[in-house]
Amino acid sequence: KGRFSRFGLSFAAIGGLALSYGAYCELNNPSSNQLPFGDPSLPTLVVLGAGWGSTSFLASLDTENYNVVVVSPRNYFLFTPLLPSCTVGTLELRSLMLPMRFITSRKRRAVKFVEADVTDVDPVSRTVTFQDNSELVGTVSKALVKYDFLVMGVGAENATFGIKGVKEHGLFLKEIWDAKRIRQKLMDCLETASFPGQPTEEVDRLLHMVVVGGGPTGVEYAAELRDFIVEDLRKWFPDVVNRVKITLVEALPHVLAAFDKSLVDYTERHFRQENIEVRLNTMVREVREKEIVVAEKVRRFVTETGEDGKEKVVEKDVLETGTVPYGMLVWAAGNATRAVTQSLISKLPKEKQNQRRGLVVDEHLAVEGAERIYAMGDCTATKYAPTAQVASQQGKYLASLFSDRGRKIRQLASAEGKNIQHACDEVEAKEGEKTFGYSHLGSLAYIGTDQAIADLPGGVRVAGAATYLFWRSVYLSNLFTLRNKMLVSFDWVKKTLFGRDIARE
Ligand code: FAD
Ligand code: NAI
């Protein structure tokens, strides 16, 4: 009897486990966990991402006529142009962050925010599947939402070009946690180099800071690092600071390909004066734990056999490979398409989606070959550069397009009694709607020692200390809220009065 009841108990336990596992699977089966949301008489507008495009879209959108759902793994907007300043403590990370709920809570009609990664967009069933990938996950971590319109603003990830070792040993500079890691690694290199008895060769390796990519991210980071070394570390690490070396490695013949040549020359000259070694025509081929493998294009005299069979000496470009030891490696080699974007591209007709850089969109930012999907910013492949300026103008444009459409849909559905899906299809026709037009306001970059460069419309190119003040005022005025403007201003004052903090978190 005892054995029987024990068996009964175990059976019940197994049954209970099976039932709860079944319930768990059911809960985590996205199709059975559809987001119940909003007013069924309104179309659902799903927005992906919390970056420049999506935030500018949400800030300007009239939400009255939609059920708006925002899905992003980051629950804040990040002001990326000042991110390099956080890697050395010129600015604090939170000064550049703005919670998404701050933006969504200010809308007239409630907007639902979900912190999750979108794992799949199905253009046929018009659904978006998302998953909570945060550290703490509840019983339910996957869900699905059906959209009537989808706006993609998922940005891009860091390009590694499949180069071996980049992901394992390199540090990126795109997100808040990247800036934090760079700051930690830099301090670790300095403290380890200061360890008693550290051999000179090892000190030199630990204090060699290599930045790969001479685009604006790499240049601005190298500039901030140089400021930190000269303005602060000299005081705190007098024994080793003179051995710190910064090298900027760029595969092309010059840095800052998108800037005017006069500003490029100015920057390269300025870097050399400030002891930042600029290695041009040098491609990183592999990243190892303590060294990188580079191939440098150099001009050499070589002996060749001519058509007449005679040997002659000619001058030509040859590739020379070598290794460079490093302590910290920051990888700023540009953008690559995110998996969620690639997956959507693969589901659309190849003749319409033929770009590896991202989604091809038309002049209304509608994704080619898809219905009711729109995209903006770094996840698209357009004639514009992947910049915050472009993404925010596209977000604003789409907000105006969707605000007008929302009003039209409501009118078609309520006044003319049309079915909501027919009303959505009708406004998708796009006739007479304004197309997207980009207005370039200029490019700015900080190059260190309180100097900046500005490539402005109308061929205005300026560089130097006054341009730095202009750079500061532009970014300060572009910060979204008064709170962020005040925090950034306080950080600048704090740095001037007390210097940067060197404590390792
Ligand atoms: P992002 O701003 O990158 O936002 C993408 C959003 O999508 C993020 O919220 C992300 O969390 C979210 N997301 C990611 N994966 C998923 C997913 N699977 N599902 C849902 N959401 C997802 N541009 C300038 O014009 N001027 C500058 O001075 C400048 N400085 C820069 C400095 C740095 C260090 C960097 C890295 C970039 C800089 N840029 C600058 C470029 C600019 O930041 C980008 O072009 C801009 O952020 C693109 O906006 P976006 O909305 O397309 O993407
Ligand atoms: P980028 O694409 O502008 O530059 C990357 C650089 O890395 C290129 O010059 C490329 O030649 C180089 N590179 C690539 N692989 C390499 C390798 N293996 N070895 C050596 N060099 C290699 O990327 P970045 O700087 O991250 O910028 C991305 C976008 O963000 C750009 O559109 C840029 O304009 C924008 N941005 C603008 C800023 C500003 O206006 N101040 C600041 C930062 C970014």
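This dialogue walks through a predicted model with two ligands, from the whole chain down to single residues.

Biologist: What should I know about the numbering and the model before I start?

Modeller: Residues are numbered from 1 along each chain as its sequence is written, while chains are lettered from A and ligands numbered from 1 in the order in which they are written. The model is predicted, so local features need pLDDT of at least 70 and side-chain atom pairs count only at pLDDT 80 or more, whereas totals for chains, interfaces and linings use all residues.

Biologist: How many helices and strands does the chain have, and how is it divided into domains?

Modeller: Helices (H or I, at least four residues) and strands (E, at least two) are DSSP runs numbered from the N terminus, and the chain has 14 helices and 22 strands. Domain bounds come from an automatic or database domain assignment, which here gives domain 1 (33-73 + 116-156 + 337-427) and domain 2 (166-334), with C-alpha centres 39 Å apart.

Biologist: What share of the chain is buried?

Modeller: A residue is buried if 20 or more other C-beta atoms lie within 10 Å of its own, exposed if 12 or fewer, and partly exposed in between, with the C-beta atoms placed from the backbone. By that count, 38% of the 505 residues of the chain are buried.

Biologist: Which residues come closest to ligand 1, and which elements supply its shell?

Modeller: A residue is near a molecule if its C-beta atom, placed from the backbone, lies within 6 Å of it. For ligand 1 there are 33 such residues, the closest being Gly49, Gly51, Gly155, Gly377 and Thr387. Among the elements that give two or more residues to this shell are helix H2 (52-60), strand S6 (117-122) and helix H11 (388-414). Domain 1 and domain 2 each provide at least three residues of the shell around ligand 1.

Biologist: Is H2 largely enclosed or open, and why?

Modeller: Seven of the nine residues of H2 are buried, so this helix is largely enclosed by the rest of the structure; Trp52 and Phe57 are among the buried ones.

Biologist: What is the shell around ligand 2 made of, and where does the ligand lie?

Modeller: In sorting a shell, Ala, Val, Leu, Ile, Met, Phe, Trp, Tyr, Cys and Pro count as nonpolar, Asp, Glu, Lys and Arg as charged, and the others, Gly among them, as polar. Around ligand 2 that gives 17 nonpolar, nine polar and two charged residues, and of these 28, Gly213, Gly215, Pro216, Thr217 and Gly334 come nearest. Helix H8 (216-236) gives the most to this shell, with four residues. Both domains contribute to the shell, so ligand 2 lies between them.

Biologist: How do S6 and S7 pair?

Modeller: Two strands pair if DSSP finds at least two bridges between them, and S6 and strand S7 (residues 127-131) pair in the antiparallel sense over five bridges. Asp122 stands opposite Thr127 in S7, and in this hairpin, which has four residues between the strands, Arg126 takes a positive phi near 55 degrees.

Biologist: Where is Arg372, and what is its phi?

Modeller: Arg372 lies in the loop between helix H10 (339-346) and strand S19 (373-375), and has a positive phi of about 60 degrees although it is not a glycine. Arg372 is partly exposed, with 18 other C-beta atoms within 10 Å.
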